[in-house]
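Visitor: Please show me the model, and then let us discuss how its parts meet.

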Protein chains: 2
Amino acid sequence: MFVELDLQSEEPIYMQLADQLIEGIASGQLRPGEPLPSVRSLAADLGINLHTVNKAYNVLKQEGFLEVHRKKGVIIQPGAMPAITESFLAKLDHQVQVLAAEASVRGMSESAFVERCLRAYRHVRNNMSGGTTE
Amino acid sequence: MFVELDLQSEEPIYMQLADQLIEGIASGQLRPGEPLPSVRSLAADLGINLHTVNKAYNVLKQEGFLEVHRKKGVIIQPGAMPAITESFLAKLDHQVQVLAAEASVRGMSESAFVERCLRAYRHVRNNMSGGTTE
């Protein structure tokens, strides 16, 4: 797995894990229908609590990014991924505004900020080409 | 004050407060050299712990967004605001990538995502015109 956690971060560990699974889906490193490690084995690999892995999986199941398969266990959503919801847009706008505010105060221009956002989107999509091979 | 806290959020309260003070600076609602409420009075106004306000002020002082004035107490940085640092760029890139990944998985196109980031930047800068008058 490509998961890298920052145990010193203010961001809860389960959110870091959930974010990185979504990044894995976005980059194509995690394919639709692909089984994830069991809660127990991923917790052991990462050296974190079972509950933390469980919480990350549950959040992503609730949102529809993961599914439970009768035989394979937890798998990446094999069908349609979750759509763009109002609550996702509210989160996106809020978080980008916080970042834009700090960027602006620090003197980053509108075009430099937008360019950075564009590169982030492309980086996420193209991560596979420069990333690990599986 | 325009501060609005979400006590249910996973984001620590002191970070929400720090973020909103930076948004206030970005929009011009908080002017360079302007004094902030004392830790005690802001904590009372917001119904939160003294330590929480103190932590937000300290983070912003360390970064250079706030300063301590001998007579006025804590004030908005009256001189040059903090510059674009490597650590800010790392935070920006990381957080935008997380959002871009989810946007991409949910089917938001590159151009729609970038447009949203542009609007967020403009919203932050123009908040004054549509916002509260002081």
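This is a predicted model: local features need pLDDT of at least 70, side-chain atom pairs count only at pLDDT 80 or more; totals for chains, interfaces and linings use all residues.

Guide: Residues are numbered from 1 along each chain as its sequence is written, chains are lettered from A and ligands numbered from 1 in the order in which they are written, and side-chain values use heavy atoms, with hydrogens and water left out.

Visitor: What area is buried between chain A and chain B?

Guide: Contact (heavy atoms within 4.5 Å) links 51 residues of chain A with 51 residues of chain B. Buried area is the accessible area (1.4 Å probe) that two parts lose on being put together, summed over both. Carbon and sulfur atoms give 66% of the total between the chains, which is about 4900 Å².

Visitor: Which element gives the largest share of the side of chain A that touches chain B?

Guide: Helices here are DSSP runs of H or I with at least four residues, and strands are runs of E with at least two, numbered from the N terminus. On this side of chain A, the elements that give two or more residues are H1 (13-27), H3 (50-63), H4 (86-105) and H5 (110-130). The largest share, 17 residues, belongs to H4(A).

Visitor: How many salt bridges are counted between chain A and chain B?

Guide: A salt bridge requires a side-chain nitrogen of Lys or Arg within 4 Å of a carboxyl oxygen of Asp or Glu. One of them joins A:Arg116 to B:Asp93, with an N to O distance of 2.9 Å. The count between the two chains is 10.

Visitor: What area is buried between domain 1 and domain 2 of chain A?

Guide: The domain bounds, from an automatic or database domain assignment, are 13-76 for domain 1 and 86-130 for domain 2. Their centres, taken over C-alpha atoms, are separated by 25 Å, and 5 residues of domain 1 are in contact with 4 residues of domain 2. The buried area is about 420 Å².

Visitor: Which residue is the bridge partner of B:Val68 in E2(B)?

Guide: Two strands pair if DSSP finds at least two bridges between them. In chain B, 4 bridges join E1 (residues 66-69) to E2 (residues 73-76), and the strands run antiparallel. A hairpin of 3 residues connects E1(B) to E2(B). The partner of B:Val68 is B:Val74.
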